[in-house]
Amino acid sequence: MMGERGIAVTGVTKAGLGSTEVADAMLRGGVRGLGDSRIENIEAMNAAGVSAPMTLIRSPMMSQVDRVVQHADVSFNTEMDVIKMLSHSARSSGRMHRIVLMVELGDLREGIMPSDVEGIVRKILHLPNIELAGIGTNLACRSGVVPDTENMGELSSLVNTIEATFGLKLDIVSGGNSANLQWIINSKNPGRINDLRLGESILLGREPLYREPIPDMHTNAFTLFAEVIESKLKPSLPKGTLAQTAFGEQQVATDQGTVAQSILALGRQDIDLNGLHAPPGIEVLDASSDHLIIASAQCLRIGSAVTFQLDYSALLRAMTSPFVSKMMVNRTISSATIEKKRVAAA
Ligand SMILES: *Cc1c(COP(=O)(O)O)cnc(C)c1O
């Protein structure tokens, strides 16, 4: 779909913690290269033999510039001090490093103010071993600013201005993330934008502005299994004087009499509580660091598993938790086989 509109896709792997299988699946699916916000993930993919152009999509830490130059083909940047260090590192290791300048277009996360872009480009063009590969922007992350004709048009005209002013051609114009999909699908003319960085939409099959499913995409590529470690009938109201909970929130419970309450061996360090979609008949009540508390119609068997679908936030946390074991299965495998593998893995 993007190809028809002249847009290449950079597959964003950060939610998979640099998983080789996820990276390979994205590449088989037609992405041009891979992007990750952590150099550690890029290093892991390189070490595992994933062969693709790698882009670090978060501004490099100064303390990591050598690793960035060595392992990433491109990095996204907003700070002249960092770019100078990248230049220095690239020069001493005899490499070229390509950078994309990120421009602030209203979401107020990363980016150079548009009025500063020209001055920074002028400085960059003087730096040895650095190639200005392009410019980009990121919306809908911190403030939820929607990519539209106006802000995307602003990015396109910046490209035109830079190219005209400096007599160069920018290779990459990276318009944004999965939140740009609706704009690109609806717009007749993407202007100069020729790249989008897509993570959530590929992994979860949803666009992130309204979290609607994307036609023809799978929304259940990930399933979380959580094991029952306690199962009891308990009152729905706590007993005793109430103060703060482990996480500082006020406990609000309504009396529903006795409930079948289970504890799953999963906690806030493994998931985002609000991002779990429980199966019918199961209600997520609460979680502490290591206990997920649920109510169900009947008592659950100790050792059995409850399966959840995850939103992006819960997925990110589960995939990066060392306590959640990951198992990749081919989608042609039946769910009975998945269950057997799961038991074997446990
Ligand atoms: C995470 C990230 C993306 C991918 O965002 P999705 O909404 O998952 O598509 C793109 N760009 C940057 C800079 C990011 O940090």
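A polar contact is a pair of N or O atoms within 3.5 Å; within protein, one atom must be able to donate a hydrogen and the other to accept it, and residues adjacent in sequence count only if both atoms are side-chain atoms. Keep that in mind for the ligand view below.

This is a predicted model, in which local features need pLDDT of at least 70 and side-chain atom pairs count only at pLDDT 80 or more, while totals for chains, interfaces and linings use all residues. Residues are numbered from 1 along each chain as its sequence is written, and side-chain values use heavy atoms, with hydrogens and water left out.

View 1. G199 uses a backbone N or O atom, 2.8 Å from an oxygen atom of the ligand. E200 likewise places a backbone N or O atom 2.8 Å from a ligand oxygen atom. R197 brings a polar side-chain atom to 2.8 Å from a nitrogen atom of the ligand. Taken alone, the ligand exposes 390 Å², and the protein buries 94% of that (accessible areas come from the Shrake-Rupley method with a 1.4 Å probe; for residues, only the protein chains shown count as cover).

**View 2. Strand β4, covered on both faces.** Helices (H or I, at least four residues) and strands (E, at least two) are DSSP runs, numbered from the N terminus. In a regular strand the side chains alternate between the two faces of the sheet. In β4 (residues 74-77), V74 and F76 on one side and S75 and N77 on the other are all buried (buried means under 20% relative accessible area, exposed over 50%, partly exposed in between, with a 1.4 Å probe and protein chains only). Strand β3 (residues 54-56) pairs with β4 in the parallel sense over two bridges (two strands pair if DSSP finds at least two bridges between them). Look for T55, whose bridge partner in β4 is V74.

**View 3. An open sheet of six strands.** Follow the order β11-β14-β9-β10-β13-β12, with antiparallel pairing. β11 (276-277) and β12 (282-287) stand at the edges with a single partner strand each, so one side of each is left without a neighbour in the sheet.

View 4. Which residues form the covered face of strand β14 (residues 305-310)? They are V306, F308 and L310, whereas A305, T307 and Q309 make up the uncovered one. Four bridges join β14 to the antiparallel strand β9 (residues 224-235), and V306 is the bridge partner of A226.

**View 5. G240 in its loop.** G240 sits in the loop between β9 and β10 (258-264). Is G240 buried or exposed? With 57% relative accessibility, G240 counts as exposed. From G240 to S19, the distance is 47 Å, C-alpha to C-alpha, and the two are 221 residues apart in sequence.
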